[in-house]
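Open your viewer and let's take a walk through this model together.

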Amino acid sequence: MNAVIETFGKTVGNFVIRSPGRALTLLKAGYEASGLQMRYLPDKRLLPHQKYIAVMNNRAIRLPLKNPERSAVVNVFLPCQLLHAMNVTPQFTEGLACYLNGAGSEQVFIACAESAGVPQTYCSYHKVLLGAAFSGVMPPPRFVASTSLACDANMGTFRAIAEHYKVPYFLIDVPSVYSEEAVNYVAGQLRDFASMLEDSMGEKLKEDRLRASIRSTNRSIQMYREYFKLLTDKYMPGDLTSEMYKVFPTHILLGTPEAERYFRLLLEDVKAAAPSRGEKRILWAHTIPFWQDSLRELLNFNERRQLLACDLNFDSMEEMDETKPYESMARRLLMNIVNGAEENRAGKLLEMAETLRADGVVYFNHWGCKHTLGGARLIREKLEEKGIPVLILDGDGCDRKNVNDGQMSTRLQAFLEILEAGA
Ligand code: SF4
């Protein structure tokens, strides 16, 4: 971590307990400053879509902190087209937790959550979010909403946050098996959620705005599919942070003009990219510890290696039907690769590994994520059966104190060298 961020994080940490309001003011000022830096002095190695997403996400994190009365705390899988249609900004677990990590301050929020009784073994993204709420640093949202997809942490965290702020909470229960009956069941809940949204905001949901958000979603998905087709034969320099950033437009910002612009730039960049030139092509499964310098050194802007995609960023590529918005949202949830049996995730990873000509897969076992840990062996077997090498990398995507950095970088380096030796 660089010295400025370390000092900033310590200062935030000192304020969190004594004066949460000042901690929030400092965080907002820090994000504002980093947003300006990203806009006017971006890293020259970044491609246009990567520069753009840094600015876009920075704004997406700041807005709910600035206007909490028009914000909702949600999980990453919540279909946010309904929120966009109502002009409500989502604040989501992994997003806020990663930005607090980026501000060098995740430890104080983890400590707040643990001192309130949250188990040490709980997912660190959730601990940071809970700590931000319990400490009083995150301002009260208008409501809280989550899906049961994809982990049991969702059930506890969001209810606790809603109770803490005494705001409405809505849970969308997603069955683990796809069927038309399940689509109708989830669609019914989404209709109820829309009513709750109207009650909470005291406004009517405008159907034309929801349809516009769905059309935008479809245009984004079409461009994204086109991008993957072209990426098959291309080399695009990249970095861990930009891939983790992509969780915003592929999830909570999907259906907004900003996300659509991102996918347009992504497509333009892949069209302009150089042909693949024998670099080792890596697929990543699950979240990315983008802040770990040792891993960045191995993968960022490296001409011999390309990080192709993280599977969370192609977890749901279904287009939507604007005449059946609720059924479409339900279908996307039910067909998500992390819903149900691990074979679904393995199958999609295999399909993408073949499409993108991946040489290997890094399966990131995020500490506390029972879902990922439980699927590791099966997914490795399924991929290796087809000749795709897999590295299961244990770590923590958010808690700096919970990683064995030396061991992780040694293992990743060895894996990459084995792939390179087999060239
Ligand atoms: S990392 Fe795992 S436990 Fe944490 S939020 Fe994601 S799915 Fe849930």
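Is Phe92 buried or exposed? Phe92 is buried, with a relative accessible area of 2%; buried means under 20% relative accessible area, exposed over 50%, and partly exposed in between, with a 1.4 Å probe and protein chains only.

Before moving on, a word on what you are viewing: this is a predicted model, in which local features need pLDDT of at least 70, side-chain atom pairs count only at pLDDT 80 or more, and totals for chains, interfaces and linings use all residues. Residues are numbered from 1 along each chain as its sequence is written, and side-chain values use heavy atoms, with hydrogens and water left out.

**Stop 1: aromatic pairs**

Rings of Phe, Tyr and Trp (its six-membered ring) pair if their centres lie within 6.5 Å; planes under 30 degrees apart count as stacked, over 60 as edge-to-face and the rest as tilted. By this rule the model has 13 aromatic pairs. In the Phe92 and Phe248 pair, the ring centres are 4.9 Å apart and the planes are at 80°, so it is edge-to-face. Phe92 sits in strand 2 (residues 89-92) and Phe248 in helix 12 (residues 247-252), so the pair ties together parts 156 residues apart in sequence. Helices (H or I, at least four residues) and strands (E, at least two) are DSSP runs, numbered from the N terminus.

Next, select Tyr262 and Phe263, another edge-to-face pair, with 5.3 Å centre to centre and 75° between the planes.

**Stop 2: strands**

Show strand 1 (residues 71-74): Ser71 and Val73 point one way, Ala72 and Val74 the other, and all are buried. Two strands pair if DSSP finds at least two bridges between them. Strand 1 runs parallel to strand 2, joined by four bridges, and Ala72 has Pro90 as its bridge partner there. Strand 1 also pairs in the parallel sense with strand 3 (residues 143-147), over three bridges; there, the bridge partner of Val74 is Ala145. Ala145 is buried, at 0% relative accessibility. Contact means heavy atoms within 4.5 Å, and beyond its neighbours within four places in sequence, Ala145 touches residues including Leu78, Phe158 and Phe193.

**Stop 3: the core**

A nonpolar core is a set of buried Ala, Val, Leu, Ile, Met, Phe, Trp, Tyr and Cys residues joined through side-chain atoms within 4.5 Å. The largest one here has 150 residues, and Leu82, Phe193 and Leu283 are among those with the most contacts inside it. Helix 9 (residues 180-201) gives the largest share of this core, ten residues.

**Stop 4: backbone details**

Most residues other than glycine have a negative phi, and most peptide bonds are trans. Zoom in on Leu149 and Ala150, which are joined by a cis peptide bond with omega of about 0°. Then pick Lys166, a non-glycine residue with a positive phi of about 55°; Lys166 is exposed, at 73% relative accessibility.

**Last stop: the ligand**

Select Glu94, Cys123, Tyr125, His126, Cys151, His286, His366 and Cys369, the residues around the ligand (one of their heavy atoms lies within 4 Å of it). By class, this shell has four nonpolar, three polar and one charged residues; Ala, Val, Leu, Ile, Met, Phe, Trp, Tyr, Cys and Pro count as nonpolar, Asp, Glu, Lys and Arg as charged, and the others, Gly among them, as polar.
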